[in-house]
Amino acid sequence: LLALSLALPALSAFAAPLVMGFSQVGAESEWRTANTSSVKSAAKEAGITLKFADAQQKQENQVKALRSFIAQKVDVIAFSPVVESGWETVLKEAKAAGIPVILTDRAVKVTDESLYVTFIGSDFVEEGRKAAKWLLDRVAKSTAPAINVVELQGTVGSAPAIDRKKGFEEIIKSNAKIQIIRSQSGDFTRAKGKEVMESFLKQKDKKIDVLYAHNDDMAIGAIQAIEEAGLKPGVDITIISIDGVRGAFEAMKAGKLNVTVECNPLLGPQLMQLAKDVVAKKPVEKRIKVIEGVYTADQAAKELPNRKY
Ligand code: AHR
């Protein structure tokens, strides 16, 4: 027995590395690319074997990936759900297999919250509020009779699209002059952001004063559309977006974007620590929020060299 107990610490040094199945939304934005590389490098750093699956923005691909992780008996599943609903069945399958699930970046709507252990990600409602508060300050002294806003929403049914809309609307209510005159999804991509902005600009019934884009990539696409329409982005149309990616800081430096609300994608290191704690059955918080700021065009040149994504 003594010999066995002496051998145990040595044996644990050879314990198999923790295996994480990670299902990513896709590669739709600069934010997402930064998030993916943060997850991959943090896994390597933490000695975690990562099975990575890219869902190409399709829920059915994510469900398939989760089922394959369950079949492979991974130690822990982490995923960033493309949309909020429709997860109950597959999460029950993971629970029945005894595999803990960590939500990262985006939330799910489920009746039974025990279907996931914890959720680490930004507060998207708060991001929408921050965007609207900036606008309220900006127009506080305006004598214009109306302030017309067009909105580029993120992926339909996704938590950030739902919450960023909700937070923004909650705050603009206090100024009746601010009205959202058009709102459509640009699916979080530059190409769609440009396409939808082009169609907004073609409708000449009302002048567009402000663009609120649910992410920087759609704002950058829209900036192109605005320039092609012969207008000055950031001057003729005030532009507000969310994420704080390098491309947004470059656009702000060039005076084409007015403000970006930060949404930090560098969740990898925290996620890996969480995974270790969850597998070791240590208590973890049910909801872990990320601390973020707001950056305006006048801060862009100074901040740009410090940006990590
Ligand atoms: O879920 C986070 C959002 O998804 C980011 O704001 C966006 O850029 C990404 O595609």
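**Close-up views of a predicted model**

**View 1. Packing around helix α2.** The buried residues of α2 pack against β1, β2, α8 (216-228), β9, α9 (246-253) and α10 (268-279). Helices (H or I, at least four residues) and strands (E, at least two) are DSSP runs, numbered from the N terminus. A residue is buried if 20 or more other C-beta atoms lie within 10 Å of its own, exposed if 12 or fewer, and partly exposed in between, with C-beta atoms placed from the backbone. Contact between two residues requires C-beta atoms, placed from the backbone, within 7 Å. This is a predicted model, in which local features need pLDDT of at least 70 and side-chain atom pairs count only at pLDDT 80 or more, while totals for chains, interfaces and linings use all residues. Residues are numbered from 1 along each chain as its sequence is written. The buried set in α2 consists of Glu30, Trp31, Arg32, Ala34, Asn35, Thr36, Ser38, Val39, Ala42 and Ala43. The end C-alpha atoms of α2 are 24 Å apart, which agrees with the 24 Å that its 17 residues should span at 1.5 Å a residue; the expected span is 1.5 Å times one less than the number of residues.

**View 2. The shell around the ligand.** There are 13 residues around the ligand, of which Ser29, Trp31, Pro160, Phe188 and Asn215 come nearest. A residue is near a molecule or strand if its C-beta atom, placed from the backbone, lies within 6 Å of it. At least two residues of the shell come from each of α2 (30-46) and β9 (238-243). By class, the shell holds five nonpolar, two polar and six charged residues. Ala, Val, Leu, Ile, Met, Phe, Trp, Tyr, Cys and Pro count as nonpolar, Asp, Glu, Lys and Arg as charged, and the others, Gly among them, as polar.

**View 3. The two sides of helix α3.** Helix α3 (residues 59-71) has 13 residues and reaches 18 Å from its first C-alpha to its last, close to the 18 Å expected at 1.5 Å a residue. Gln62, Ala65, Leu66 and Phe69 are its buried residues. They lie on the same side of α3 because they cover an arc of only 100° around the axis; the arc is that of the directions from the helix axis to the C-beta atoms. An α-helix has 3.6 residues a turn, so residues three or four places apart point the same way. Glu60 and Ala71, on the other side of α3, are exposed. The buried residues of α3 pack against β1 (19-24), β2 (49-54), β3 (76-79) and α4 (88-96). Lys73 follows α3 and has a positive phi, near 55°.

**View 4. The two sides of helix α4.** In α4, the buried residues are Val90, Leu91 and Ala94. Their arc around the axis is only 100°, which puts them on the same side of α4. Thr89 and Ala96 are exposed on the other side. Packing partners of the buried α4 residues are α3, β3 and β4 (101-104).

**View 5. Surroundings of Glu262.** Glu262 is part of strand β10 (residues 259-262). Glu262 counts as partly exposed because it has 19 C-beta neighbours inside 10 Å. Gly244 is 18 residues away along the chain, yet the C-alpha atoms of Glu262 and Gly244 are separated by 4.7 Å. Leaving aside neighbours within four places in sequence, Glu262 is in contact with Gly244, Glu292, Gly293, Val294 and Tyr295.
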